Amino acid sequence: MFTEQRTGELQKVSLELIGEARRLADELGQEVIAGLIGKDVAGLTGGLISHGADKVYVVDSPVAELYMTEPYTKSIVAIIEEVKPAIVLFGATSIGRDLAPRVAARWHTGLVADCTSLAIEEGTGNLLSTRPAFGGNIMATIACPDFRPQMSTVRPGVMQKLDADPSRKGEVINFDAKLTEADKTVEIIEEVRETTKRVNIEEADVLVSAGRGVGGPDKFQPLEDLAAVLKGTVSGSRATIDSGWLPKERQVGQTGKTVRPQLYMACGISGAIQHLAGMEESDFIVAVNKNPEAPIFEVADIGVVGDLHKVLPLVTEEIKKAQLAEANK
């Protein structure tokens, strides 16, 4: 699997992929091998091993300090040539979506993009990759029986990362991918990083999520108040984003982000299948909706039939009372 790091920090999707790779490898009786590319990145290997990797191939080169397609493609292709894996996984990030198809083309193999689940086919050992198709209206399961390695990009937030085990032992291989300055097909003159604070709902422990039933962009205060006392974040369904009530970065669902918070509160969300696919793995789901037949209640741990504008303020007030009582103990 390709391990994504940016500015010397492992990306969460990489740890999620290691967890999934560990599950698949145990089923196949194989090892989990992580490819780590960059400059001065050797310090990240311990984290990869503690989260489930058996071996880490490190390509440490000034040429790979910043992501560029050709040096990274050459490195991953060389690692695949060395270890001959059955399966190669990438995160479905901006980097993974650029890198994976080029690696697949070099190896003349198939690639299933933007997967939401992976499984091993009994009897054949083929990787079964499931992804949304036809605008998210169906889920397609795709196999690549005739070519190896089998490759997939996996949507961030879908897979469960394993807890770190500092006692795990693994092997670190310093791998020479023979990178040279000639491999740089472009020159990066300047790297400008965004300084505005963006909301990453994939990292949130608590999400208070809005649907069309909220009623409009001027009626979000009860959700904001509840999110504040829960130290959570406000997110939304596709309807709220398409209506311009919330920015795209806060969209939950197949065409947005897949989330797995400890608490997901669905407020005025009916529960279309595209939305459920993006949040149904949340640890605990609370739904508030006027319609008792809303599909969201089928996945909710607690369902409240009622007007969210009356229910949420009461919930917020009770939480404040509980927090105050706890603080005065």
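The model is predicted, so local features need pLDDT of at least 70 and side-chain atom pairs count only at pLDDT 80 or more, while totals for chains, interfaces and linings use all residues. Residues are numbered from 1 along each chain as its sequence is written, and side-chain values use heavy atoms, with hydrogens and water left out.

As for disulfides (pairs of cysteine sulfur atoms within 2.5 Å), a search of the whole structure turns up zero. For Cys115, the closest cysteine sulfur belongs to Cys144 and lies 12 Å away, too far for a bond.

On to helix packing. Helices are DSSP runs (H or I, at least four residues), numbered from the N terminus, and axes are lines fitted to C-alpha atoms over the stretch in contact, with angles from 0 to 180 degrees between N-to-C directions. The axes of helix 5 (residues 221-229) and helix 8 (residues 308-327) come within 9 Å and cross at roughly 20°. That makes the two helices roughly parallel (angles under 35 degrees; over 145 is roughly antiparallel, 65 to 115 roughly perpendicular, the rest oblique).

Helix 3 (residues 69-83) and helix 4 (residues 94-107) also have axes that come within 9 Å, crossing at roughly 50°. Helix 3 and helix 4 are therefore oblique to each other.
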